[in-house]
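Thanks for coming. I will show one model today and go through its packing and a handful of residues.

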2 protein chains.
Amino acid sequence: MEVHTFFLHLMVILIAARCCAELAAWLQTPPVVGELCAGIVLGPSVLAWLQPEPVLRLLAEIGIILLLFEAGLDTDIRQLARAGVKSALVAGAGFALPFALGWGLCELVFGLPRLVSLFVGGTLTATSIGITIRVLTDLKRRHQREAQIVLGAAVIDDILGVVLLAVLYEFSIAGAVQWSNAGRVLVFVGIFFVLAPVMAKLLALLVRHLHAASRTKGLIPTVIVSLVLFFAWLAHEVGAPEMLGGFAAGLALSRRFFLPLGVAFHTDSDFAERVEQDMQPIVQLFTPIFFVMVGLSLDLTTVDWDSPFIWMFSALVFAVALAGKMAGAAFAGERPLTTLAIGLAMVPRGEVGLIFAQLGRSSGILSNEIHAALVIVIALTTLLPPFLMKAFYARFGHRLSRGG
Amino acid sequence: MEVHTFFLHLMVILIAARCCAELAAWLQTPPVVGELCAGIVLGPSVLAWLQPEPVLRLLAEIGIILLLFEAGLDTDIRQLARAGVKSALVAGAGFALPFALGWGLCELVFGLPRLVSLFVGGTLTATSIGITIRVLTDLKRRHQREAQIVLGAAVIDDILGVVLLAVLYEFSIAGAVQWSNAGRVLVFVGIFFVLAPVMAKLLALLVRHLHAASRTKGLIPTVIVSLVLFFAWLAHEVGAPEMLGGFAAGLALSRRFFLPLGVAFHTDSDFAERVEQDMQPIVQLFTPIFFVMVGLSLDLTTVDWDSPFIWMFSALVFAVALAGKMAGAAFAGERPLTTLAIGLAMVPRGEVGLIFAQLGRSSGILSNEIHAALVIVIALTTLLPPFLMKAFYARFGHRLSRGG
């Protein structure tokens, strides 16, 4: 690929993603939906201007590990501990129900192969915390009781989702469902999840000392990106998806991360702030590339829109996605209105759902049609809740406030 | 290329560059020399761990346009106007003499083809302002008379160097010296240099307004990088090297840029600061990749170190590089000691010299041997002056201060 062509393509991707994200935000919808649409428009579905070329794909991969790095950075383990049993119940049920329902639907109703069914189920598990937080903050509900339960549950959901992703990733490499492999992966991922943040934390302390002693500019961007790349590579080596490594590195560098070993490794908040400040522009530069790539790898022209299958499939998967999270919310044991509020807030799938769908697509397990249907379902689960939540709180908000 | 392999390679490049840069800084030498050495060690010359792969090459190209963007951002046009005639004379002579001497040496003494000779001459023209500023600041000489002349001259040198690069680039594409092409390129580059900063400035004003109106995070990194990519692509389209576009974009966004049209476009210094703050980590992430790539594309094992040619050639080119800048300094018409101080400060070639050499190599004009010799000469011109300047000021500094 010629240098100037690469520059042009990258520029088109960044500008299109930005314009569509702004438009989405202006329409009160999450920017990620705009970035996805930018990719659909630029890709084979509409204009066919761009192809998902290898270089762009690699940049998108950097985008996704950096996105998970940021998610890790934002994860508050203390909050998790505080949110307690109710969050764990909502998370567990809100993870297991959509997964089981999605899997069952595909395998029993549509007769799809088990691996495909598992991927569809997996896509429905994760809750996009970013979108939920944004809406709750806009509604000034961020510190209410139901919001606390939702935030705790979303964090647990994310971790469960990433672990499930590791297992499905192993299946996708083997090309078949092998439960023995799954067990091995779970053990590895478990060890990785315990050791990687500790290791990353120790490395981060080293980086902090190096930063203090450094005689040249620009230590943080290069060293922190290297750290993320290293853990992504390490995750791959232990048989987990690369993004797991990004998440672990972010968790360790999080301002709120604490080690069970005690307070010996206390985080220097100046340094943590500096890391966030320096990493933010880099994360913001790379992540839109990933979502545009998801849109680019979607070919809506090859989907047979006349067949009833795609419509039925999308509608039923969407129903399962909605019902699964709603039913999960009931496990909190709250009053019906609070349950409804929790359920609605848990519906958005956003980024993590797209990552699942993309992994299934790039490993050849999901057909273009199933992939397209899943992306549509994810887009719907992400687009609708902000509106539904606003309408819900406008109507019932005062009664919820009274209830606590 | 597999994703995890790419992650590993990128990590090795970033970490090696950082370690060597720190080591270089600790040894009181410019970090860029360390990054170059990291590439030489990782590449075919020593360990042969890494190849200059296409993806890494494209990332290095982003690094170089961002580096020139930063150089443009740091260019102070007002200072240039203030530095006046003396700077212009030093710059003109310090540009023309090494170019003519280098060209003559290669063509007349070594009998090399004209295109090769022109590239060698071109490599010797630019002054690395970064290294000079750093040393003068360390010596607390930044605001002395001779420092002002040097800084003005280095800025003019940079612009002349970039224009010459555009002409040589055209020759390298044509594969031959065609003066008619050179004329056309000069006209295009002239127009580009006048229009691009004005256009970029208008776009920057647009970005500033968008930034104020934006509803989503991360506008600056994506839009400013897009702007740089766009001007790099545009520069290519008018027949100039991509990095010229990066330089023009930086010039326009510079806090000190002013338009001849008047003060109507006054720069919002908050916005300019925000741009610098957000772009710095991105520039710092990408630029080391370029210098490591220069080291990677150097194969010192294929150089015939037993032939007297390489030694003779390096020694004479180095002599020319030194003498040309020293003789250029004489045009300032200062006392001998001040002339010597100016001459020494003008010697470092650093980044721009490496860009010339790399362009000559990648377009197949410079053989591996000549390229290696040039890189060695550039490294020497960059390594020695800091020591020489320190020794010089320790011995003669008090007499210079008296002189003004």
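Before anything else, a term: two residues are in contact if their C-beta atoms, placed from the backbone, lie within 7 Å. Helices are DSSP runs of H or I with at least four residues, strands are runs of E with at least two, and both are numbered from the N terminus.

What you see is a predicted model, in which local features need pLDDT of at least 70, side-chain atom pairs count only at pLDDT 80 or more, and totals for chains, interfaces and linings use all residues. Residues are numbered from 1 along each chain as its sequence is written, while chains are lettered from A and ligands numbered from 1 in the order in which they are written.

In α7(B), the residues B:V163, B:A166, B:V167, B:E170 and B:A174 meet B:N181, B:A182, B:V185, B:L186 and B:V189 of α8(B). Sorted by class, that contact has 8 nonpolar, 1 polar and 1 charged residues. For the classes, Ala, Val, Leu, Ile, Met, Phe, Trp, Tyr, Cys and Pro count as nonpolar, Asp, Glu, Lys and Arg as charged, and the others, Gly among them, as polar.

Axes here are lines fitted to C-alpha atoms, for helices over the stretch in contact, with angles running from 0 to 180 degrees between N-to-C directions. A crossing is called right-handed if the near helix is turned clockwise from the far one by less than a right angle, and left-handed if anticlockwise.

Now the two chains together. What rotation superposes chain A on chain B? It is 180°, with 0.0 Å of shift along the axis and an RMSD of 0.0 Å. The two copies are thus related as by a two-fold rotation axis. The same surface serves both copies, with 100% of the contact residues of chain A recurring in chain B. The superposition is by least squares on the C-alpha atoms of residues with pLDDT of at least 70 in both copies.

Across the interface, 42 residues of chain A are in contact with 42 residues of chain B. On the chain A side, the elements giving two or more residues are α1 (3-26), α3 (54-74), α9 (219-237) and α11 (269-296). The largest share of that side, 15 residues, comes from α1(A). By class, the side of chain A that touches chain B has 27 nonpolar, 8 polar and 7 charged residues.

One helix pair between the chains is α9(A) with α1(B), whose axes are 8 Å apart and pack at an angle of about 150°. The crossing of α9(A) and α1(B) is left-handed. Among the residues that meet there are A:L229, A:F230 and A:W233 from α9(A), and B:F7, B:L8 and B:M11 from α1(B). The contact of these two helices has 14 nonpolar, 4 polar and 1 charged residues.

B:H236 sits in α9 of chain B. Is B:H236 buried or exposed? B:H236 is buried, with 21 other C-beta atoms within 10 Å. The scale is this: buried needs 20 or more other C-beta atoms within 10 Å of the residue's own, exposed 12 or fewer, and partly exposed is in between, with C-beta atoms placed from the backbone. Leaving out residues up to four places away in sequence, B:H236 touches A:H4 and B:E242.

A:A48 lies in the loop between α2 (31-42) and α3 of chain A. Its phi is near 55°, a positive value in a residue other than glycine. With 12 C-beta neighbours inside 10 Å, A:A48 counts as exposed. B:A48 likewise has phi near 55°, and B:A48 is exposed, with 11 other C-beta atoms within 10 Å.

Last, B:N368 lies in α15 of chain B, residues 368-403. B:N368 is partly exposed, with 15 other C-beta atoms within 10 Å. B:N368 and B:D299 are 69 residues apart in sequence but 7.0 Å apart in space, C-alpha to C-alpha. B:N368 touches B:D299, B:T302 and B:V303, not counting residues up to four places away in sequence.
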